[in-house]
Structure formats: C-alpha cells, structure tokens
Amino acid sequence: MNKLLADDVYKHFSPVRCSSCGTKNGFNRHIFHITGVQRKKQADDATQNMLQYHFLHYHKIKYVFFRAHSKKFYVDSAKCSSCKSTAIVFDISPDYADYVMSEYKKTIGKNII
Ligand SMILES: [Zn+2]
C-alpha cells in the first residue's frame, strides 16, 4: 500500500467533505513539503505524531495526511472555505476507486471484499 500511495493514488486522493459543516466543495488545499525526515522514518508513528502536533499548534490544521512521492515527503491538508474547519475528509475520487481497489487487492494478494 505504501508503494501505491507513493505514485498513482496520490494524485487521486482529494478533499471530499467537511466533517464540520458537511459541504462538499470549496476547499483550500495545502500541501507542505517536509524536509529533514529520513525516508525510513517517514511512516513511523513518532514522526507522524510529531508532525501532527506541529501542524495543529503552528498552523491550526487539525487533520493532515502523509504522502511520499518521488522521494519527497509531504503533508497534505485542506481547509473548508465555508466554516474554516480543517477537519476535512479525504477520499479517493469515485471514478478512480475501482482501479485503486483492484490494485490494492493485487498488493495484498487476496480478495478483501
Ligand atoms: Zn465546513
């Protein structure tokens, strides 16, 4: 799954709904390029918890998502333009979900549905 997130899926994963007010569009997406984290530590809970804390306290961003792409490490976030909440639900765009599920099944080598 990490490999998938690192390439194709990344592009198709986007903000879909505000969990505060329920609006489904009008998000301001912010992607932060994180430097100084060793690749093998990017998936560690400690690293992600530390970054989550940082974004909550310094950027007032409640929900962040971690991405690795082209050897770079990113934090992905979005803000609702209606209520200014950062508690945004991200999902894979619907037209892409079938492809992702088939790739996911391949990755783990068995049916999950
Ligand atoms: Zn909202």
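**Figure 1. Strands β3 and β4 pair in the antiparallel sense.** Strand β3 (residues 65-69) is joined to β4 by five bridges in the antiparallel sense. Strands are DSSP runs of E with at least two residues, helices are runs of H or I with at least four, and both are numbered from the N terminus. Two strands count as paired if DSSP finds at least two bridges between them. The model is predicted: local features need pLDDT of at least 70, side-chain atom pairs count only at pLDDT 80 or more, and totals for chains, interfaces and linings use all residues. Residue numbers start from 1 along each chain as its sequence is written. Within this pair of strands, His69 has Lys72 in β4 as its bridge partner. The two strands form a hairpin with two residues between them, and Ser70 in the turn has a positive phi of about 50°.

**Figure 2. Three strands form an open sheet.** The order of the strands is β2-β4-β3, with antiparallel pairing. Because β2 and β3 stand at the edges, each with a single partner strand, one side of each is left without a neighbour in the sheet. From one strand to the next, the twist averages 30°; axes are lines fitted to C-alpha atoms, for helices over the stretch in contact, and angles run from 0 to 180 degrees between N-to-C directions. Strands of a sheet pair through backbone hydrogen bonds, either parallel or antiparallel.

**Figure 3. Strand β2 runs antiparallel to β4.** Eight bridges join β2 (residues 27-34) to β4 (residues 72-80). Asn28 has Lys79 in β4 as its bridge partner, and Ile34 stands opposite Phe73 in β4. Ile31 also belongs to strand β2. Ile31 counts as exposed because it has 12 C-beta neighbours inside 10 Å. A residue is buried if 20 or more other C-beta atoms lie within 10 Å of its own, exposed if 12 or fewer, and partly exposed in between, with C-beta atoms placed from the backbone. Beyond four places in sequence, Ile31 is in contact with Tyr74 and Asp76; contact requires C-beta atoms, placed from the backbone, to lie within 7 Å. Ile31 and Tyr74 are 43 residues apart in sequence, and their C-alpha atoms are 6.5 Å apart in space.

**Figure 4. The largest nonpolar core consists of five residues.** Its members are Cys18, Phe27, Ala78, Cys80 and Ile88. A nonpolar core is a set of buried Ala, Val, Leu, Ile, Met, Phe, Trp, Tyr and Cys residues joined through C-beta atoms within 7 Å. Leaving aside residues up to four places away in sequence, Cys18 touches Thr23, Cys80, Ser82, Cys83, Ser85 and Ile88. Of the 113 residues of the protein chain, 12% count as buried.

**Figure 5. Helix α3 is hardly covered.** None of the 14 residues of α3 counts as buried. At 1.5 Å a residue, these 14 residues should span 20 Å, and the end C-alpha atoms are 19 Å apart, which agrees. The expected span is 1.5 Å times one less than the number of residues. Just after α3, Lys60 takes a positive phi of about 60°. Lys60 is found in the loop between α3 and β3, and Lys60 counts as exposed because it has 10 C-beta neighbours inside 10 Å.

**Figure 6. Lys84 has a positive phi in a loop.** The loop holding Lys84 lies between β4 and β5 (88-92). Phi of Lys84 is near 70°, a positive value in a residue other than glycine. With 12 other C-beta atoms within 10 Å, Lys84 is exposed.

Figure 7. The protein chain has four helices and five strands, which follow the pattern α-α-β-β-α-β-β-β-α along the sequence. Its mean pLDDT is 80, and 71% of its residues reach 70 or more; pLDDT is the predictor's confidence in each residue, from 0 to 100. Among the elements, helix α3 (residues 45-58) has the highest mean pLDDT (93) and helix α1 (residues 2-6) the lowest (45). Over residues 1-7, pLDDT stays under 50, and the model has 12 contacts beyond four places in sequence for this stretch. Where pLDDT is low, the predicted coordinates should not be read in detail.

Terms used:
Contact = placed C-beta atoms within 7 Å.
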